[in-house]
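Here is a colleague's note for your first look at this model. Keep the sequence and the 3D view open as you read.

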Amino acid sequence: MPDSAYCIAINMDPAKVVNVLEGTMSPNLRKEAENQLEQMHKIAGFAPLLLQLIMSEEVQMSVRQSGAIYLKNLCTQSWHDRTDRDGTPIPDVFSIHENDRAILRENIVEAIIHAPDIIRSQLTVIVNNIIKHDYPGKWPAVVDKISLHLQSDNPRSWMGSLMTLYQLVKNYEFKKVNDRGPLIAAMKIFLPVMLQLFQRFMEDHSAASALLQKQLLKILYALIQYSLPMELLNQETLDEWMKILRYVIESSVPEDTLQVDELERPDLPWWKCKKWAMHFLARVFERYGSPGSVTKEYNDFAEFFLKRYAVGILQVIFKILEGYHNNVYVAPRVLQQALHFLDQAVSHSHTWKVLKGVYHDILKNIIFPLMCFTDEDQEVWDDDPHEYIRIKFDVFEDFLSPVSAAQCLLHSASSKRKQVLQKTMGLCYGVLTQSANNSDTTRSKDGALHIIGSLGDTLLKRKMYKDQLELMLVTHVIPEFRSSFGYMRARACWVVQHFSEAKIRKKESMTAITDGLKFLLINDKDLPVRVEAAMALQSFLTNQEAAEKHCIPHVRPIVQALLQLVHETENDDLTSVVQKVICLFCEHVIPYAVEITEKLTMTFLKVVEGAAKSEGDGAGDGEDSNEEKALTAMSILNTIETILEMMEEERDITIQLEGIVAPLVAHVLKNRIMEYYEEILSLMASLTCQAISPPMWEALPLISDVFDDDGYDYFTDMVPCLHNFCTIDTPTLLSTPKYLEIIYSMCKRVLETQAGDDPESHAAKLLEVIILQCHGQIDQCIPLFVEAALARLTREVKLSELRTMCLQVVIAALYYNPALLLQTLENMRFPNTSEAISEQFFRQWINDVDCFLGIHDRRLCVLGLCTLLDLPSRPSCVNELSPQIIPSFILLFQGLVRAYKVRGEDSNSDSSDSSDDEEEEEDGAFEHEELASDEDEIDEESAEYLEMLQKKAGEGDDDEDEDGETLLEAFSTSLEAEETSIDEFVAFKNVFSSLESRDPIWYNQLMSGLSEEQRKALQEIYVLADQRQAAAESKKIEKTGGYQFNSTNVPASFNFGASMPTTLSP
């Protein structure tokens, strides 16, 4: 397409932009070029000019690529106008000028059509972002543009417009049904066109035609993935699409594709077409076409799909599997989706009757070979054992793997359909009892053990099998610990892991399994074997208490081996194993805690540095690899935190651990490695929960720097640590003014900058904690704290929790020093209000008494009101509020009674159940789970759950447990300290009783409006106060050694044989 189509009249030199883009590719010029682009991109006309240069064939391709990436990032970050929650535009945040956006909207579809593939991928991200923000409101014309180009005779127009249509559909893929109206309206136009195009493409068997077909199928799949638009897919339309899908799956692939390397064949367009066709069918069957497990709006469709299409699709799949058995190539994803469809078919009698006749052949010829160790597995095992481990433990690989699909089909058929399990176990038994011991039979044994392990949960529930499992392990699994084939040693460990819950009655069996796993973990030469042994040993120890004693003498080498595996593999699952084993042998690990933490710290730094290097190198698989590394690093940090928590009572060891962990904390915070902020801050909370060392105090300014730089969004994660700084070592906090200033500044910034209700509530909580913790020592801070809290209340507050937290800061200040607070309120002024601040505060407080929840908040509210009652000179507005004060007390005390009851019930709850009863229930339940050939599986729970999720999606869940403790009560204050605790019931009774004699006018004013019911409630509070005071005194006496009696003369010995005295009088 000629460049003139993109000419934009702007006052900017295109050559200069090209030169700057070239500079971004030079390490020496990159920084300067990026700075220039930072200035240029704000100039009107820059974005359209950049699109013009991207599309110019006169510009070098590398420069065009660089420009496309920059334009993509610019549009992603700055396309729409930024506003706050109230819709008010945020100043000083750049957005692309509207005129430039209009030009880009006008030209982007044509750009996608004519761009080379290497640039097109960037442009599709841009059009996705434009559609996200501008369709249908500002860009309804995109539908006409796509439609126009789809009607063209130019194949390139087809692909570009289909890619744009795909982005339109993707924008609505996950939206609720009610929000998909604009998409449905567009697809009423496009779906018939897509059908006609597909029928046209079917006559052409070229790769280009297959690519277009693939794109059409991707659009169709995105359209139905989470919601089936039945208004678009009536019976006639669905019939046509089913014919097309069947044709795609059954059509042969060109012969010359067999010359392509087998690893590259799945990427050929013909196989991608088949994959998306099979993917569509499996998804529709699973989500909309399975009667008994769909939401009610799809009930009719499910019956229709099952009876009209399912059996025909099964016949097509049987042909695919027959070809695969006869060594005809089938792409792994096609095979996986075919097996997934069969898995769904097991549950329905209509399809099972067809599947049942061929299932044994599928088991023997398809499932069993897939479950066996292959040449490809051996190649990866030998050449790259780390990659072998990564594949075996990758959840995403499992999701895409034909082996996992075969396992699911195997499990469904064996657990749901009668006699299938017996036949499956018969097949496995025949394989395991073969006498030959060569490579082929060993691989068959691996397949048989793989099948048996995959059915572990089912076999553990069946009486006829579960009592034989120990014998199976002894006969067929334990001997493989000594196999000359590494993969069989690994398989033996894997099987033990899957049967770790089996009853092991013989001591010899227990010893053999435990010692075998321990030996393989510590000594095996093959890395995958050691990994499987680690996973199995942890599972076996967790489920077999008797196995623990066999490992106690070997705790150190076991943990060392586990740590070495984590260091070597950087595997997240193994990090969890370390954590669980450490917890299991807590007492025995104490002597090695320092050594373990050192190793974990080294491994963490290695993982983090490796991730940074991978990112810097820009490796192709860097993103996935770095995600895995990040998960492992997070698990390591969690494990270190577990060790710290275990060592809380060992102060000497904790000090040593702190010295090891502190550099790790500093490394993350100083290098601003945001992925680990949450874990690092949690680690810091553990390091400061009992005592705070000078190095940890030095970390407080570092936290502040992180907060000011890029950690603002992590404030709530910082609060536990900041809370410790305030409460664990208050003298140091007060003796070094900068520490208190740092914490106050962070809280103030959060409260001033609309961080959101949750972080703002945490900020207010922290201010309240400081006030209560530093009673009488921070007079100079009280006005600042109170002003920060009340200033936040002058702006919109959406949640009552934030409002009550801000009020609690002021209530805490009242409790701290009433005169100081009243003086502060008197001196305070806020704009746009003529009412005194004190009057506003007291009215808001009394009106919001019902919003104080939990125990602490209600207690503070009560103690604050008691302070207010006891004032010799009260603000006039308090007198005006007198009719509401005693009812407020009653409401608070009634809530406290309920909250204390809930706390007591929680602490006394016992969730233990009888495992024997459960086993018996499971045995009986399993017998009823098996279905006859003419029975359907009805999964009402899943259907109900899906409907509940749909209902919840449209509703906010604002329910709170008013009677339980609130989340912020986890941050304790001096009110909760037992030695300084003031009973709020007693405090109220003492204050209010004294008023009757000390200030009878005020007392009568408070009592005058009370109803008989309220007076009765008041008396009940008095009774409770007396009971609580008596209980507290009794507890105090008990703590001092019990009741003391006056000394009396007690004889050194008693003569029980002496005659009774004639009288009991003295």
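**Notes on the model**

1. Start with helix H20. Val-420, Leu-421, Thr-424, Met-425, Leu-427, Cys-428, Val-431 and Leu-432 are its buried residues. Buried means under 20% relative accessible area, exposed means over 50%, and partly exposed lies in between (1.4 Å probe, protein chains only). Viewed down the axis of H20, the buried residues fall within an arc of 155°, so they line one face of the helix. That arc is taken from the directions from the helix axis to the C-beta atoms. Lys-423 and Tyr-429 are exposed on the other side of H20.

2. A word on the source. This is a predicted model in which local features need pLDDT of at least 70 and side-chain atom pairs count only at pLDDT 80 or more, while totals for chains, interfaces and linings use all residues. Residues are numbered from 1 along each chain as its sequence is written, and side-chain values use heavy atoms, with hydrogens and water left out.

3. Now the length and cover of H20. Its 13 residues (420-432) should span 18 Å at 1.5 Å a residue, and the end C-alpha atoms are 19 Å apart, which agrees. The expected span is 1.5 Å times one less than the number of residues. Among the elements covering the buried residues of H20 are helix H15 (349-371), helix H19 (402-416) and helix H21 (439-454). Contact here means heavy atoms within 4.5 Å.

4. Step back to the whole chain. The protein chain has 52 helices and zero strands. Both are DSSP runs numbered from the N terminus: helices are H or I with at least four residues, strands are E with at least two. Of the 1066 residues, 50% count as buried. Among contacts with a separation of 6 or more, 76% join residues 24 or more positions apart.

5. Compare helix H36. This helix (694-709) has 16 residues and reaches 24 Å from its first C-alpha to its last, close to the expected 22 Å. Its buried residues include Trp-697, Leu-700, Ile-703 and Phe-707. H34 and H35 are among the elements that cover the buried residues of H36.

6. How do H1 and H3 cross? The axes of helix H1 (14-23) and helix H3 (46-55) come within 11 Å and cross at roughly 75°. H1 and H3 are therefore roughly perpendicular to each other. Pro-14, Val-17, Val-18 and Leu-21 of H1 make the contact with Phe-46, Leu-49, Leu-50 and Leu-53 of H3. By class, this contact has eight nonpolar, no polar and no charged residues. Nonpolar covers Ala, Val, Leu, Ile, Met, Phe, Trp, Tyr, Cys and Pro; charged covers Asp, Glu, Lys and Arg; the others, Gly among them, are polar.

7. Check the backbone. Most residues other than glycine have a negative phi, and most peptide bonds are trans. Glu-570 is not a glycine, yet has a positive phi of about 55°. Glu-570 sits in the loop between helix H29 (555-569) and helix H30 (572-584), and counts as buried at 15% relative accessibility. Arg-672 also has a positive phi of about 55°, but counts as partly exposed at 24% relative accessibility. A cis peptide bond, with omega about 0°, joins Tyr-135 and Pro-136.

8. Last, Thr-597. Is Thr-597 buried or exposed? Thr-597 counts as buried, at 1% relative accessibility. Thr-597 lies in helix H32 (593-617). Leaving out residues up to four places away in sequence, Thr-597 touches Ile-640, Ile-643, Leu-657, Ile-660 and Val-661.

Technical notes: Axes fitted to C-alpha atoms, helices over the stretch in contact; angles between N-to-C directions. Parallel < 35°, antiparallel > 145°, perpendicular 65-115°, else oblique.
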